[in-house]
Amino acid sequence: MTSPLFSPLALRELTLPNRIVIAPMCMYSAVDGKVGDFHTMHVGTLAQSGAGLFILEATAVTPEGRITPLCPGLWDDACAAAWAPVLAAARQHSQMPLAIQLAHAGRKASCAAPWLGRGQLAPDAGGWQTLAPSPPPFEAGESAPQALDAAGLARIRDAFAAAARRADRLGIDAIEIHAAHGYLLHQFLSPLANQRSDAYGGSLDNRLRFPLEVFDAVRAVWPDGKPLGLRVSATDWVDGGWEIEQTLVLAQALQARGCDFLHVSSGGLSPAQQIVPAPGYQLPFARRVKAETGLTTIGVGLITEPKQAEAVIAAGDADLVALARGILWNPRWPWHAAAALGAQVAAPPQYWRAAPAEAGHVFRR
């Protein structure tokens with residue numbers, strides 16, 4: 001019998017060969033929003049992993065939407081042109097579906113890369129004025145973001161749509177809109193960050209308004225046959241913040257608009273969050289979204305072992321399992337999972353003789 005982890009899954013016209021997803025992970029290796037040689041190596045390596053879907057890292061839809069000055073963008077045709085050879089190199093040797101995460105960091109933008117200190121950068125140190133729903137910064141001592149006015153909201157909404165058009169021209173197979181981890185769309189969702197008194201703040205319906213407008217704008221330009229989903233933090237892990245019941249309302253609104261999947265994470269909005277990480281600690285949120293809405297869900301968070309991942313799918317806790325740091329550490333994780341679970345993955349013939357005798361079945365020929 002085929003392992004549930006290695007069973008196919010259809011999302012619109014895209015069929016994933018298995019349920020393993022490479023989660024989007026920031027690499028902080030672009031120059032002025034343009035990817036280059038590092039990404040050719042990075043994407044090429046992970047495209048050989050045998051995963052069912054590779055979601056490329058958070059890619060900013062405007063220059064000020066970058067988390068750091070080293071984050072990639074898709075805000076103009078020059079950024080798209082830089083992505084083109086990276087994707088072409090990967091596709092020459094891999095049929096793995098490629099998605100991209102479109103993002104705007106909001107008040108968590110203008111920061112240093114992790115190995116350069118992480119802190120917010122001042123304008124004279126390469127930083128810039130950040131934007132947000134409301135003026136409070138992410139952490140005390142940081143510069144206050146500028147609250148977005150109607151023109152700013154329209155500009156960012158349209159930038160998401162324009163980036164989606166470029167992604168389509170690049171041949172990207174799916175889009176994930178980033179509304180998690182304390183970035184701009186999450187800031188609109190959470191009452192801890194959204195203190196507006198207009199139609200985009202206050203009530204839950206109002207706080208949902210801008211993220212849903214962005215989703216609608218992207219769905220309107222994204223081809224019908226290609227999947228579109230959202231990454232969401234199911235809870236802020238802070239009393240009085242965004243939480244799972246509100247996430248379910250968002251999920252139902254997205255489902256009505258043609259959303260194809262919800263990538264269910266948590267946290268990232270407030271330094272006051274209280275999280276006790278443990279294997280699978282975010283899966284109860286994905287399970288509730290799946291059970292109560294029927295949306296396809298991606299579960300993520302300290303899922304590290306093949307049998308653990310298989311159990312997630314078998315139990316119906318999520319439809320797909322995403323790995324992040326674990327697959328950076330072991331880029332052949334799906335190979336090893338297939339060997340352990342008696343399944344097969346795709347790999348170029350140059351690698352077929354790498355399998356030890358006891359795993360001779362692992363490569364689909």
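This is a predicted model: local features need pLDDT of at least 70, side-chain atom pairs count only at pLDDT 80 or more; totals for chains, interfaces and linings use all residues.
Local features were required to have pLDDT of at least 70 and side-chain atom pairs counted only at pLDDT 80 or more, whereas totals for chains, interfaces and linings use all residues. Residues are numbered from 1 along each chain as its sequence is written, and side-chain values use heavy atoms, with hydrogens and water left out.

Pockets were located on a 1 Å grid over the protein atoms alone, a pocket being an open set of points where a 1.4 Å probe fits, with protein on both sides within 12 Å along at least five of seven lines. The largest pocket holds about 1500 Å³ of space, a volume being the space filled by probe spheres set on the points, which are joined across faces, edges and corners. Its lining (residues with an atom within 4 Å of a point) comprises 47 residues, and Tyr-28, Arg-118, His-181, Tyr-183 and Arg-325 lie nearest the centre. By class, this lining has 25 nonpolar, 16 polar and six charged residues; Ala, Val, Leu, Ile, Met, Phe, Trp, Tyr, Cys and Pro count as nonpolar, Asp, Glu, Lys and Arg as charged, and the others, Gly among them, as polar. Strand 12 (320–323) and helix 9 (325–329) each supply at least two lining residues, and helix 9 gives the most, with three. Helices (H or I, at least four residues) and strands (E, at least two) are DSSP runs numbered from the N terminus.

The second largest pocket has a volume of about 310 Å³. It is lined by 18 residues, of which Ser-94, Gln-95, Met-96, Ala-346 and Ala-347 lie nearest its centre. Nine of the lining residues are nonpolar, eight polar and one charged.

Helix 6 (residues 244–256) packs on helix 7 (residues 283–293) at an angle of about 45 degrees, with the axes 10 Å apart. Axes are lines fitted to C-alpha atoms over the stretch in contact, and angles run from 0 to 180 degrees between N-to-C directions. Contact (heavy atoms within 4.5 Å) joins Ile-244, Glu-245, Thr-247, Leu-248, Ala-251, Gln-252 and Gln-255 in helix 6 to Phe-285, Arg-288, Val-289, Glu-292 and Thr-293 in helix 7. These residues divide into five nonpolar, four polar and three charged.

Helix 5 (residues 204–221) and helix 6 pack at about 40 degrees, with their axes 11 Å apart, which makes helix 5 oblique to helix 6.

Technical notes
Angles under 35 degrees count as roughly parallel, over 145 as roughly antiparallel, 65 to 115 as roughly perpendicular and the rest as oblique.
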